[in-house]
Each structure stands twice: as C-alpha cells, then as structure tokens.
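Here's a quick walk through one structure, written for someone who likes cut-offs spelled out. Have a look at the model, then read on.

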Amino acid sequence: MAQISVTINGKSFRMACDDGEEDRLMGLAARFDGWISELKGAFGEIGDQRLTVMAGIMATDQLSELERKIKALEEELAEARRQQVSALDDMSQTEQELSRAIGTAAARIENLADSLARSLRSPENS
C-alpha cells in the first residue's frame, strides 16, 4: 500500500492508496483543493469545516448531475438498441418478402418460357 501526502486548504494530509493509484489520488485532492479555493474566494474565511462541507456538497452535486446524465444516456442507448433490433427485424421481413416475390417472378418466367417452348414445338406452328 502506497503512502502519499496531499495538500488541501494549505494543510498537508498523509493518505494511503493502492500501489499505482498515487497520481490519481493526488489529482483528486488537487481538484478538491480547487473547490476549497474557489469557495474561499467567494465567501472568504468562513472556517475550515464549513469550507470542507461546502466543497463536499459541490462534489456530491456534480456526482448527482453526472449520475442523472449517465441514466439518461443509458436510456437513450437502450432505445437505440430497441430501434436497431426493430430495424433488423423489419429488414429481415423485407428480405423474406423480396425473396418470395423473386421466387414467384422466377416461377412465372419459367412457366412463360415453358409455354413459349411448347408453342414453338407444337405442330400448329409448323
């Protein structure tokens, strides 16, 4: 388990994380520290605990909004998949109808060809 030190609101915190996750954790801490700085700029020195709670609420708000967007995208994807299945079913049905129509046309052509061949061989045409 790796150990790193992150700085949030000017204070250093020692943290543990899985090996290889150090850069990710440092990035997350920097992002959180950015929110703290943003809040300090907007509200001034209102206390560490209050700043931390407000930054946590900001993070939770962003998470909630992203979850809402993901849900909407998942619903759109599910609908697109349903439409794809429906389109493939329609295409399959159209192919079957076309195949039947071609079969019917081929049979009619063969019948016409047979009739023509018989009429050409019949003694009446001699």
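A word on burial to start: a residue is buried under 20% relative accessible area, exposed over 50% and partly exposed in between, using a 1.4 Å probe and protein chains only.

Some housekeeping. This is a predicted model, where local features need pLDDT of at least 70, side-chain atom pairs count only at pLDDT 80 or more, and totals for chains, interfaces and linings use all residues. Residues are numbered from 1 along each chain as its sequence is written, and side-chain values use heavy atoms, with hydrogens and water left out.

**Overall layout**

The protein has 2 helices and 2 strands, in the order β-β-α-α along the sequence. Here helices (H or I, at least four residues) and strands (E, at least two) are DSSP runs numbered from the N terminus. How does the radius of gyration compare with that of a compact globule of 126 residues? The globule would come out near 14 Å, but the protein has 37 Å; the radius is taken over C-alpha atoms, and the globule rule is 2.2 Å times the number of residues to the power 0.38. The C-alpha atoms fill a box of roughly 115 × 35 × 15 Å along the principal axes. Of the 126 residues, 11% count as buried.

Helix 2 covers residues 48-121 and includes Ser99. Ser99 is partly exposed at 49% relative accessibility, and its C-alpha atom is 34 Å from that of Glu76, 23 residues away along the chain.

**The core and the aromatic pair**

In soluble globular proteins, nonpolar side chains tend to be buried together. In this model the largest nonpolar core has 12 residues, among them Ile4, Val6, Leu25, Trp35, Leu39 and Ala55. Such a core is a set of buried Ala, Val, Leu, Ile, Met, Phe, Trp, Tyr and Cys residues joined through side-chain atoms within 4.5 Å. Strand 1 (2-8), helix 1 and helix 2 each give two or more residues to this core, and helix 1 supplies the largest share, 5 residues. Leaving out residues up to four places away in sequence, Ala55 touches Phe32, Trp35, Ile36 and Leu39, a contact being heavy atoms within 4.5 Å.

The ring centres of Phe32 and Trp35 are 6.4 Å apart and their planes meet at 75°, so the pair is edge-to-face. The rule pairs rings of Phe, Tyr and Trp (its six-membered ring) with centres within 6.5 Å; planes under 30 degrees apart are stacked, over 60 edge-to-face and the rest tilted. Both residues sit in helix 1 (residues 22-43), 3 residues apart, about one turn of the helix.

**A loop residue**

Asn9 is in the loop between strand 1 and strand 2 (11-17). Asn9 has a positive phi of about 55° although it is not a glycine, and is buried with a relative accessible area of 16%.

**Salt bridges**

The count is 4 salt bridges, each being a side-chain nitrogen of Lys or Arg within 4 Å of a carboxyl oxygen of Asp or Glu. These are among them:

| Pair | N to O distance |
|---|---|
| Lys40 and Glu45 | 3.3 Å |
| Glu65 and Arg68 | 2.5 Å |
| Glu79 and Arg82 | 2.9 Å |

Lys40 is partly exposed at 27%, whereas Glu45 is exposed at 62%. Glu65 and Arg68 are 3 residues apart in helix 2, about one helical turn.
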